[in-house]
Every structure is written in C-alpha cells, then in structure tokens.
Amino acid sequence: MRLDVVTIFPEYLEPLNVSLVGKARARGQLGVHVHDLRDWTYDRHNTVDDTPYGGGPGMVMKTEPWGDALDSVLADGYETGCGEPALVVPTPSGRPFTQELAVHLSERPWLIFTPARYEGIDRRVVDEYATRMPVYEVSIGDYVLAGGEAAVLVVTEAVARLLPGVLGNAESHRDDSFAPGAMANLLEGPVHTKPPQWRGRGIPDVLLSGHHGKIARWRRDEALRRTTANRPDLIERCDPAAFDKKDREMLSILGWQPDPDGEPYGRFWRRTPGMEE
C-alpha cells in the first residue's frame with residue numbers, strides 16, 4: 001500500500017516512523033510519502049490561505065497549492081504503478097471513521113490524505129478530485145482539532161495494522177472492538193496477563209480453567225457488559241440476529257429487553273435504567 005500525505009506541517013507525521021507503521025515501512029509493506037504543501041506555493045510568503053468569500057472569521061486554504069500538489073502526487077503515483085488512488089479528507093463534517101471503514105480502506109492500494117488547517121480547504125478542490133477518484137471525507141470524533149494531521153495518524157494506524165503481515169499474529173485483530181463478525185458493534189472486554197496475583201487482585205478463575213468454550217463465553221459476556229455500560233447506543237442499533245440465546249440472557253441480566261413490537265426478536269432497549277450499576 002502507498003500512502004501520501006500533503007500537509008503544511010510535515011514534522012507532525014514523524015510518528016509514522018515508529019511502532020507497527022514504522023516496521024511496516026521498513027519491511028516494504030507500506031510506502032509513506034509526506035509532502036510539504038508550501039513546496040507548491042510561488043510567492044515569497046509561501047501563502048496557502050486567504051480570506052473566505054462571504055465574510056466570516058478564519059482563513060480558507062487556497063485551491064492553487066492544493067491542486068498543484070495533488071496533481072504532482074498523482075503523476076508520481078501513476079508513473080510508479082500504484083493502482084487506483086483514493087482521497088481521504090479528514091474533517092469534523094465527514095462521515096464517522098469506523099472499524100468497518102478502516103477495513104475497507106485497508107483493501108485499497110493507494111490513499112492520499114489532505115489534512116487541512118484554518119477553516120478547511122476550498123470546497124472546489126474536493127469537488128475537482130472527486131471526478132477523478134473516490135473521496136472519503138472522514139471524522140474521527142465529534143470535536144474539532146487545530147488541524148487534520150492527528151486524524152491522519154489515527155486513520156493510518158487503524159488501516160496499517162490490518163494489512164497482511166503487519167501484526168505478528170494475523171488473528172490479533174479478530175476480537176478487537178468493532179471488528180467485523182461477532183464483535184461488530186461491541187467493545188472488547190477486559191484483558192489480563194501475568195502475574196496471577198498483583199496487589200491482592202487475582203485473575204478471573206475462568207481464564208485459568210483451560211476450558212476454551214467457557215473462556216469464550218466469559219469474554220463475550222464481558223464485551224456485552226462493557227458495551228452496555230459505556231456505549232449503550234451500540235446495543236440499541238445492533239442487529240438482533242447478532243445475539244444468540246446466551247447473549248440475550250446476559251442482556252436481560254444487564255437490564256435490557258427486546259422491543260416487544262419486533263418479531264420474532266426486536267432490537268434491544270434498556271428496560272431498567274441504571275440496573276447494571
């Protein structure tokens with residue numbers, strides 16, 4: 001996979017040289033190219049922004065530097081045979097970045113990131129390149145940062161760890177929170193390691209039992225317990241077919257019940273607020 005990042009703060013992307021992403025780069029599994037947007041400015045002040053049409057506070061990033069930068073990146077990628085590119089635009093007004101989207105992006109050969117500053121990039125830039133490639137406007141949360149570089153780091157780490165061979169154990173992400181399959185829309189439960197005793201706190205007996213079926217059930221129950229406590233919205237929108245008989249028993253204990261109007265099983269709703277506490 002090839003990643004290109006165009007930014008006015010290339011140094012912000014230095015963390016891409018360390019940890020799993022750095023190792024993937026060293027092994028040739030991931031090619032990361034960071035570009036300084038100001039290399040495509042032609043005035044003595046290296047101007048990348050201007051006042052917004054219609055007035056208002058803040059500045060807007062200009063079309064010309066972004067257009068020239070993206071044209072240059074595309075030309076280089078096409079010349080080296082990188083496949084079909086996709087543009088990833090970090091923005092608080094984008095679609096939520098989810099594990100499902102991370103999986104989808106990990107299957108693409110080439111991603112180009114455009115982290116903005118100020119009030120964002122002139123909309124015409126996104127509209128222009130949407131005619132040439134798929135565009136993903138993504139938000140990493142309901143808050144606003146000073147720029148999109150932190151979001152690039154988040155998306156890159158989430159995507160890179162899904163690439164074949166990047167994780168030491170290919171099964172490591174199977175039980176992640178939100179992982180497609182059994183863990184879709186669920187948070188991962190608690191984890192434990194050695195020593196078996198620490199400051200008077202032990203390990204749940206089931207984890208020491210060696211009984212794989214019981215361990216799997218305990219982990220599933222803990223995932224349900226954590227999700228109902230921390231993200232009840234996920235349970236409410238979860239497909240009822242995703243819950244087996246044991247899941248339904250646990251959800252009932254935690255104070256949830258199926259929608260009585262659903263047939264044969266409706267979505268789950270909290271029956272007794274606060275019961276799990």
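What follows is a short chat about a predicted model.

Colleague: Start with the sheet. What order do the five strands have?
Modeller: The order is E2-E1-E6-E5-E7, in an open sheet with parallel pairing.

Colleague: Which are the edge strands?
Modeller: Strand E2, residues 31-36, and strand E7, residues 135-139; each of these pairs on one side only.

Colleague: And what does the twist average?
Modeller: From one strand to the next, the twist averages 25 degrees.

Colleague: How many bridges does E1 have with E2?
Modeller: Strand E1, residues 2-7, pairs with E2 over six bridges, in the parallel sense. As one example, Val 5 has Val 34 in E2 as its bridge partner.

Colleague: Which strands does helix H3 touch?
Modeller: Helix H3, residues 99-106, packs on the sheet and touches strand E5 (85-96), strand E6 (110-113) and E7. The direction of H3 makes about 145 degrees with that of E7.

Colleague: Now H3 and H5. At what angle do their axes cross?
Modeller: They cross at roughly 70 degrees, and the axes come within 8 Å. Helix H5 covers residues 149-160.

Colleague: What do you call that arrangement of H3 and H5?
Modeller: Roughly perpendicular, because angles of 65 to 115 degrees count as that.

Colleague: Which residues make the contact?
Modeller: On H3 they are Ala 102, Leu 105 and Ser 106, and on H5 they are Val 155, Ala 158 and Val 159. By class, the contact of H3 with H5 has five nonpolar residues, one polar and no charged.

Colleague: Other helices, then. How far apart are the axes of H6 and H8?
Modeller: The axes are 10 Å apart, and the helices pack at an angle of about 40 degrees. Helix H6 is residues 212-230 and helix H8 is residues 245-253. That angle makes H6 oblique to H8.

Colleague: Is the crossing of H6 and H8 left-handed or right-handed?
Modeller: The crossing of H6 and H8 is right-handed.

Colleague: Which residues of H6 and H8 are in the contact?
Modeller: H6 supplies Arg 217, Arg 220, Asp 221, Leu 224, Arg 225 and Thr 228. H8 supplies Lys 246, Asp 247, Met 250 and Leu 251.

Colleague: How many of those are charged?
Modeller: Six are charged, with three nonpolar and one polar in the contact of H6 with H8.

Colleague: Change of topic. How many aromatic pairs does a search of the whole structure find?
Modeller: The search finds one aromatic pair. The pair is Tyr 78 and Trp 110, with 5.6 Å centre to centre and 85 degrees between the planes, an edge-to-face arrangement.

Colleague: Where do Tyr 78 and Trp 110 lie?
Modeller: Tyr 78 lies in helix H2, residues 63-79, and Trp 110 lies in strand E6, so the pair ties together parts that are 32 residues apart in sequence.

Colleague: Last topic, the backbone. Is the peptide bond from Lys 194 to Pro 195 cis or trans?
Modeller: That bond is cis, with omega near 5 degrees. Pro 195 is in the loop between H5 and H6.

Colleague: And what is phi of Asn 46?
Modeller: Phi of Asn 46 is near 50 degrees, a positive value in a residue other than glycine. Asn 46 sits in the loop between E2 and strand E3, which is residues 49-50.

Note on methods:
Residues are numbered from 1 along each chain as its sequence is written. This is a predicted model: local features need pLDDT of at least 70, side-chain atom pairs count only at pLDDT 80 or more; totals for chains, interfaces and linings use all residues. Side-chain values use heavy atoms; hydrogens and water are left out. Two strands pair if DSSP finds at least two bridges between them. Helices (H or I, at least four residues) and strands (E, at least two) are DSSP runs, numbered from the N terminus. Axes are lines fitted to C-alpha atoms, for helices over the stretch in contact, and angles run from 0 to 180 degrees between N-to-C directions. Contact means heavy atoms within 4.5 Å. Angles under 35 degrees count as roughly parallel, over 145 as roughly antiparallel, 65 to 115 as roughly perpendicular and the rest as oblique. A crossing is left-handed if the near helix is turned anticlockwise from the far one by less than a right angle, and right-handed if clockwise. Ala, Val, Leu, Ile, Met, Phe, Trp, Tyr, Cys and Pro count as nonpolar, Asp, Glu, Lys and Arg as charged, and the others, Gly among them, as polar. Rings of Phe, Tyr and Trp (its six-membered ring) pair if their centres lie within 6.5 Å; planes under 30 degrees apart count as stacked, over 60 as edge-to-face and the rest as tilted.
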